[in-house]
Amino acid sequence: MRAKITYIVTAAVLVFYFVLVGSRGLMLIRHGTLVTVTFGVAVLILPVIGVWFLWKNTQFVRRANALAAELDAEGGLPVDDLARTPSGRIDRDAADAVFTKRREETEDAPDDWRTWFRLAVAYQDARDTPRARKAMQRAIALHRSTPATASAPPDEPAPSGASDAPAPPSPAAPSSPSGA
């Protein structure tokens, strides 16, 4: 809940900033000289890029949370039982051990969004945020390309006709968080 509040407050501050910068850009354009109009247009580009970036990140978070809720309903959400340092950070060796298990699961079932979701969590636990984000994007893409009838847990056989769906592109092999 704390992360959600932080995200909302940060997004609100960014929107305020975009409005402020946008109004300055419009003031420059209204001034009417060639230089101020040019600067005004350039200044207006910043809030447009910022709004796009904020929108894409919000979509990503909402989709990842939807996957987490679905996986939780199935009982497949990874349990956070990793050893922690006295400061509360996840122990690196414990995270690496779980990561190895999650990587093997993903290699065994590369077309299952659930394994990619759990791999993303393992990357995040290992403090490899860029790879965690890419693995979560892969999980989202696989989930979106999976027909609703084929979202049975991996232990159960897929319903007949589910194999007619086009296969998603072959994923890149997950690598270790240390890059080795």
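What follows is a set of questions and answers on a predicted model.

Colleague: What limits apply to this model?

Modeller: The model is predicted, so local features need pLDDT of at least 70, side-chain atom pairs count only at pLDDT 80 or more, and totals for chains, interfaces and linings use all residues. Residues are numbered from 1 along each chain as its sequence is written, and side-chain values use heavy atoms, with hydrogens and water left out.

Colleague: How far apart are the end C-alpha atoms of helix 4?

Modeller: Helices are DSSP runs (H or I, at least four residues), strands likewise (E, at least two), numbered from the N terminus. The expected span is 1.5 Å times one less than the number of residues. For the 13 residues of helix 4, residues 113-125, that gives 18 Å. The model agrees, with its end C-alpha atoms apart by 18 Å.

Colleague: How many of the 13 residues of helix 4 are buried?

Modeller: Buried means under 20% relative accessible area, exposed means over 50%, and partly exposed lies in between (1.4 Å probe, protein chains only). W113, R114, T115, W116, F117, R118, L119, A120, A122 and Y123 are buried. Helix 4 is therefore largely enclosed by the rest of the structure, and the count is 10 of the 13.

Colleague: Which helices are included in what covers the buried residues of helix 4?

Modeller: Contact means heavy atoms within 4.5 Å. The cover of those buried residues includes helix 2 (34-74), helix 3 (92-108) and helix 5 (129-145).

Colleague: What is the angle between the planes of F99 and Y123?

Modeller: Rings of Phe, Tyr and Trp (its six-membered ring) pair if their centres lie within 6.5 Å; planes under 30 degrees apart count as stacked, over 60 as edge-to-face and the rest as tilted. The structure holds 2 aromatic pairs. F99 and Y123 form a tilted one, 4.8 Å centre to centre, with the planes at 50°.

Colleague: How many residues apart are F99 and Y123, and are they buried or exposed?

Modeller: The pair links distant parts of the chain, with F99 in helix 3 and Y123 in helix 4. They are 24 residues apart, and both are buried.

Colleague: Which residue forms a salt bridge with R118?

Modeller: A salt bridge is a side-chain nitrogen of Lys or Arg within 4 Å of a carboxyl oxygen of Asp or Glu. The closest N and O atoms of this pair are 3.8 Å apart. R118 lies in helix 4 and its partner in helix 3, so the pair ties together parts that are 13 residues apart in sequence.

Colleague: What is the N to O distance between R103 and E107?

Modeller: R103 and E107 both lie in helix 3, 4 residues apart, about one turn of the helix. R103 is partly exposed at 21%, and E107 is partly exposed at 42%. Their side chains meet in a salt bridge, N to O, at 3.9 Å.

Colleague: How many salt bridges does the structure hold?

Modeller: R84 and D80 form one of them, at 2.4 Å, N to O. R84 is partly exposed at 41% relative accessibility. E74, D112 and R114 are linked in a network of salt bridges. The structure holds 8.

Colleague: Which residues does Q124 touch, not counting residues up to four places away in sequence?

Modeller: Q124 is found in helix 4 and is partly exposed, at 40%. Q124 and F99 are 25 residues apart in sequence and 9.6 Å apart in space, C-alpha to C-alpha. With residues up to four places away left out, Q124 touches T129 and A132.

Colleague: Which residues does N57 touch, not counting residues up to four places away in sequence?

Modeller: N57 has its place in helix 2. At 16% relative accessibility, N57 counts as buried. Leaving out residues up to four places away in sequence, N57 touches Y7 and R133.
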